[in-house]
Amino acid sequence: MLDIKWIRENPESLDEALASRGAAPAAAVLIRLDEARREHLKILQDLQGRRNEASKEIGKAKGSKDEALAERLITEVAKIKEAIQEGEETERRIDGSLEDALARIPNLPLEDVPLGADESANVELRRVGDVPAFAFKPREHFEIGEALGLMDFEQAGKIAGARFTVLKGALARLERALGQFMLDLHTSEHGFQEVIAPILVRSEAMFGTNQLPKFEEDSFHTTDGRWLIPTSEVPLTNLARESVIDEASLPWRFTALTPCFRSEAGSAGRDTRGMLRQHQFYKVEMVSITAEDASLAEHERMTGCAEEVLKRLGLAFRTVVLCTGDMGFGARKTHDIEVWLPGQNTYREISSVSVCGDFQARRMGARYKAAGEKQTRFVHTLNGSGVAVGRCLIAVLENYQNEDGSVTVPEALRPYMGGLERIERA
């Protein structure tokens, strides 16, 4: 959420930033709502001031035995109290309207984010690894998995419907191995603390990480008012909510392997075959909570942590910086890491690493206190996939496939696979 004080002082900057993201101008509407709130607060303050004065006058009137005046003042105070109660209800309504309007405004891009309307304007930063050459036509992951007899979309459809998958045997173990490998790397070498957190969360937690109200349709809502997490960014980032953190303890770095749930609203017809776009999938998430002057360096560091996963697995990838029109709602800058998929003959996103500034912290009430300063500041939050486990499984299957239909297990994963070197048809 943006700072309304900053918006009042920089209306043109806000609208320019929104235009760069393809969003409509909003400064005038927000300022009108804020002015209405401020004017109403002034009326309430005047009423409260008069109530206090009249209350003192009642005592004086009674002290001077002027009962008629005392009665008039008592009647006046009663009417003022009623007006204040009504005014406080109006205040809550005005505050709610302003907060809702602010909650629907996306974050502002950093100055070095490339301008553009869509992914065609994204800028490639680097390519790492060699794209494999095959002596045969490489197959897509679902062709490989089904031929192995270890990937079943038909039975998953009978159980749960479209966009679900059943993995069996060595492929189920391979997905588990990938998650364990990523967690071990991030905790033992990258300084993240492993967390097991709730995957059912309250609306306040979803609001804190800007899933609500913007992305309500993309999430699954339970009958008791909770939400299934679309990513463990939600519980991990909310570990800082409603806190004042000692700056000396920052940065906080968390990682978790969780199932994630997305309705994929608006994705009809996209990636309907295979595992690329599922309602349920596993992901290793990285979250960092930093002081404001440390967040940009942490963004680069987290990008490197995600890239290292793919380097250890021997997968070719490229890293791009997203343009203003392609960034997520809460991001100020985003690096996408795209892994090479031979079956599709293209790079596909496997990780997205974003710096959010204080956008989420304002929603969560997450602050820190610097040494020697009386005032607290909002923390900066960052999140990134470290990486999407299902998509990494896809990449391993396609890049390590053999002509006979088997799949070679990458060396980094063999300790997690009981020494298995090759996956063959069951």
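**Close-up views of a predicted model**

**View 1. Phe134, with a relative accessibility of 23%, counts as partly exposed.** The model shown in this and the following views is predicted. Phe136 has a relative accessible area of 16% and is therefore buried, because buried means under 20%. The structure as a whole holds six aromatic pairs. In the pair formed by Phe134 and Phe136, the ring centres are 5.3 Å apart and the planes stand at 65°, so the arrangement is edge-to-face.

**View 2. Phe181 and Tyr416 form an edge-to-face aromatic pair.** The centres of these two rings are 6.4 Å apart, with an angle of 75° between their planes. The pair links distant parts of the chain, since Phe181 belongs to helix 7 whereas Tyr416 lies in the loop between strand 17 and strand 18, and the two residues are 235 residues apart. Phe181 is buried, at a relative accessible area of 7%, while Tyr416, at 22% relative accessibility, counts as partly exposed.

**View 3. Phe215, Phe329 and Phe359 are joined into a cluster.** The links between these three residues are ring pairs.

**View 4. Arginine side chains are placed over phenylalanine rings, as seen for Arg363 with Phe207 and for Arg367 with Phe378.** Arg363 lies over the face of Phe207, and its distance from the ring centre is 4.6 Å. In the case of Arg367, the charged end sits over the ring of Phe378, at 4.0 Å from the centre of that ring.

**View 5. Helix 5, which spans residues 141-148, contains the buried residues His141, Phe142, Ile144, Gly145 and Leu148.** When helix 5 is seen down its axis, these buried residues fall within an arc of 160°, so they line one face of the helix. In an α-helix there are 3.6 residues a turn, so residues three or four places apart point the same way. The buried residues of helix 5 pack against several elements, among them the helices 6 (153-160), 7 (169-188) and 12 (389-399). They also pack against strand 2 (151-152), strand 17 (407-408) and strand 18 (422-423). Helix 5 is followed by Gly149, a residue with a positive phi, near 75°.

**View 6. Lys56 is an exposed residue in helix 3.** Helix 3 comprises residues 27-63, and Lys56 within it has a relative accessibility of 63%, which is why it counts as exposed. Lys56 and Leu73 are separated by 17 residues in sequence, and their C-alpha atoms are 9.7 Å apart in space.

Technical notes:
Residues numbered from 1 in each chain as written. Predicted model: local features only at pLDDT ≥ 70, side-chain atom pairs only at ≥ 80, totals over all residues. Heavy atoms only, no water. Buried < 20%, exposed > 50% of the residue type's maximum accessible area, 1.4 Å probe, protein only. Helix = DSSP H or I, 4+ residues; strand = E, 2+ residues; numbered from the N terminus. Arc of directions from axis to C-beta. Contact = heavy atoms within 4.5 Å. Phe/Tyr/Trp six-rings, centres within 6.5 Å; stacked < 30°, edge-to-face > 60°. Lys NZ or Arg CZ within 6 Å of the ring centre and 35° of its normal.
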